[in-house]
Amino acid sequence: MLPYAAYLRVYEPVTAFPPEEQKVWADYAESKTRPKRANALEAEHGESVLRLLARPPHPAPGQESRNAYLRRVEDRLYVCPWQTQLRSWLAFSRLRGSTPVKLMNHFVPKAIAEQTADDFDRFKRNAGSAGLRTCIRTTAWHIPLAWFVPFDGKERWLVLGTRGTDVTTTTGRNLIYVTSMAQARRRTARALQVLRKHVGEVGTSLEVEDVARWLEEFHPHSLVELDYGGLVHLMDDEALKADHSVAEIAAALNGLDSGQEELAFAMHQRVTLRWKSTQLLESAN
């Protein structure tokens, strides 16, 4: 759980869950003690920090989180489970697979790393491929261009609030897009068609295809959310006001499909340069 991170989330209707889980989430929604949206990121980050500061460190919690992000549309409840254990296992596997063994041993003792890997392997054998589906995708220090594709510029919700040092909470300052699953799938399918037609199977096309396949794993009546998360604390008010990455990516795709190549290039470059400059802050710190 990184502080300067953004999130792509899927909220499924509570009726999409098995009957026993429906009751659990319905009761959870009425609970007075559950983490509320305003401090949920802070709670997630706090759990992660405590595990990593422990001696020895714990790359993943011993059991799956019982918390979730919730949304209500009229009388309908939508649920996005935190899946902290699964997401931690997946992140640890990626880190372990991309880090030299000697360096990895400085982060996590070999015995702990091997036990974590064994626990994850056991889970995969029992859960199967469906059990590896995550409702939340996370990216640090930037937002992949493909993440903007499922949304429309009119779905933008900006609250400036106060730019503070507590980067784990979105209280009073956030930038969020929310759309229906039907719209998200339609837009990604259309974007994929345009990209394949005009630029072929390049990196951007593959990234959009990956998002499209991920969205297909969920209930068709779900909601999809792009949350700038802690990234809003890397940007001042003027930068946030000027950030229309979703609309600019849509304009780039429209320009590409209508033969307006200069417009397409200009819009794509604007978004690319914006997020490259933000990503460079990682090495500056």
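Visitor: How much space lies in the second largest pocket?
Guide: About 380 Å³. A pocket is an open set of points on a 1 Å grid over the protein atoms alone, where a 1.4 Å probe fits, with protein on both sides within 12 Å along at least five of seven lines. Grid points join across faces, edges and corners, and the volume is the space filled by probe spheres set on the points. This is a predicted model: local features need pLDDT of at least 70, side-chain atom pairs pLDDT 80 or more, while totals for chains, interfaces and linings use all residues. Residues are numbered from 1 along each chain as its sequence is written, and side-chain values use heavy atoms, without hydrogens and water.

Visitor: Which residues line the second largest pocket nearest its centre?
Guide: Lining residues have an atom within 4 Å of a point. Here there are 15, with Glu21, Trp25, Glu64, Pro81 and Gln83 nearest the centre. Helix H1 (residues 19–30) gives the most, three residues. Helices (H or I, at least four residues) and strands (E, at least two) are DSSP runs, numbered from the N terminus.

Visitor: What is a nonpolar core?
Guide: In soluble globular proteins, nonpolar side chains tend to be buried together. A core is a set of buried Ala, Val, Leu, Ile, Met, Phe, Trp, Tyr and Cys residues joined through side-chain atoms within 4.5 Å. Buried means under 20% relative accessible area, exposed over 50%, partly exposed in between (1.4 Å probe, protein chains only). The largest core here has 51 residues; among those touching the most other members are Tyr69, Phe148, Leu215 and Trp275. A second, separate core of nine residues includes Tyr28, Ala29, Ala68 and Leu77.

Visitor: What covers the buried residues of H6?
Guide: Buried residues of H6 include Met181, Ala184, Thr188 and Leu195. Their cover includes strand S1 (5–13), strand S6 (174–180), H7, strand S7 (223–227) and helix H9 (245–257).

Visitor: Is arginine 187 buried or exposed?
Guide: At 14% relative accessibility, arginine 187 counts as buried. Contact means heavy atoms within 4.5 Å. Beyond four places in sequence, arginine 187 touches Val149, Pro150, Phe151, Asp152, Glu155 and Thr179.

Visitor: And where is glutamate 209?
Guide: In helix H7 (residues 203–215). Glutamate 209 is buried, at 13% relative accessible area. Leaving aside neighbours within four places in sequence, glutamate 209 contacts Leu192, Arg196 and Glu201.
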